[in-house]
Amino acid sequence: MLQALEARNTCDLKFKSDAARVKGVSCLKGVEGLTVTPYDGSVAVTVLYLPFEVDQRLVARVLSQYGTVSEMRCCKYTAGELKGIFNGKRQFRMELVRDIPSFLFIGGSKAHIRLLLPAPYLF
């Protein structure tokens, strides 16, 4: 299945079997102008509206109640006059073992939680 994700200028390509995926990824990697990013079953968890002073390790520890955190980063603006400045979003790659609420209290502040399934291009 090939699904265009036009807002992200990308496509999601799924195969019926793991063998077909391996062969397909191998063939597509040689196409000029095409970036192939295989991904696993992890999700990207974006944490919003949390004060910058709240330690990233505390956020990861709270999120670990819902699964395994494998990567984390603080996001920055990528263009314009603010390029390179932190934008307040934090992202975590996780393997969820249970549902995560849409908001959590972390370090005494209410954080909004957003999931992106899957998240191949964020990390």
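In which strand is the place of Leu2? Leu2 belongs to strand β1, made of residues 2-5. The model is predicted, so local features are reported at pLDDT of at least 70 and side-chain atom pairs at pLDDT 80 or more, while totals for chains, interfaces and linings use all residues. Residues are numbered from 1 along each chain as its sequence is written, and side-chain values use heavy atoms, without hydrogens and water.

The secondary structure of the chain consists of two helices and seven strands. Helices (H or I, at least four residues) and strands (E, at least two) are DSSP runs, numbered from the N terminus. Read from the N terminus, the order of the elements is β-β-α-β-α-β-β-β-β. A contact is defined as heavy atoms within 4.5 Å. Among contacts in the chain with a separation of 6 or more, 60% join residues 24 or more positions apart.

The chain exposes about 8500 Å², of which 54% is supplied by carbon and sulfur atoms. Accessible areas come from the Shrake-Rupley method with a 1.4 Å probe, and for residues only the protein chains shown count as cover. A residue is called buried under 20% relative accessible area, exposed over 50%, and partly exposed in between (1.4 Å probe, protein chains only). Of the 123 residues of the chain, 28% count as buried.

Leu2 counts as exposed because its relative accessibility is 60%. Together with Leu13 and Phe15, Leu2 forms a nonpolar surface patch with about 270 Å² of accessible area. Patches are made of residues with over 30% relative accessible area and no salt bridge; like charges are joined within 9 Å, and nonpolar side chains (Val, Leu, Ile, Met, Phe, Trp, Tyr) within 5 Å. Gln56, in contrast, has 15% relative accessibility and therefore counts as buried. Gln56 is found in helix α2, residues 56-63. Apart from neighbours within four places in sequence, Gln56 is in contact with Met72, Arg73, Cys74, Arg90 and Phe92.

Side chains of opposite charge can pair when their charged atoms come close. A salt bridge is a side-chain nitrogen of Lys or Arg within 4 Å of a carboxyl oxygen of Asp or Glu, and the count by this rule is two. Asp55 is partly exposed at 32% relative accessibility, and Arg57 is exposed at 57%. In the salt bridge of Arg93 with Glu71, the closest N and O atoms are 3.2 Å apart. Arg93 lies in strand β5 (residues 86-96) and Glu71 in strand β4 (residues 67-76), so this pair ties together parts that are 22 residues apart in sequence. Arg93 is buried, with a relative accessible area of 10%, whereas Glu71 is partly exposed, with 34%.

Rings of Phe, Tyr and Trp (its six-membered ring) pair if their centres lie within 6.5 Å; planes under 30 degrees apart count as stacked, over 60 as edge-to-face and the rest as tilted. The count of aromatic pairs is two. The rings of Phe52 and Phe86 are tilted, because their planes stand at 40°, with the centres 5.5 Å apart. This pair links distant parts of the chain, with Phe52 in the loop between β3 (43-48) and α2 and Phe86 in strand β5, 34 residues apart. Phe103 and Phe105 form an edge-to-face pair, with 6.0 Å between centres and 85° between planes.
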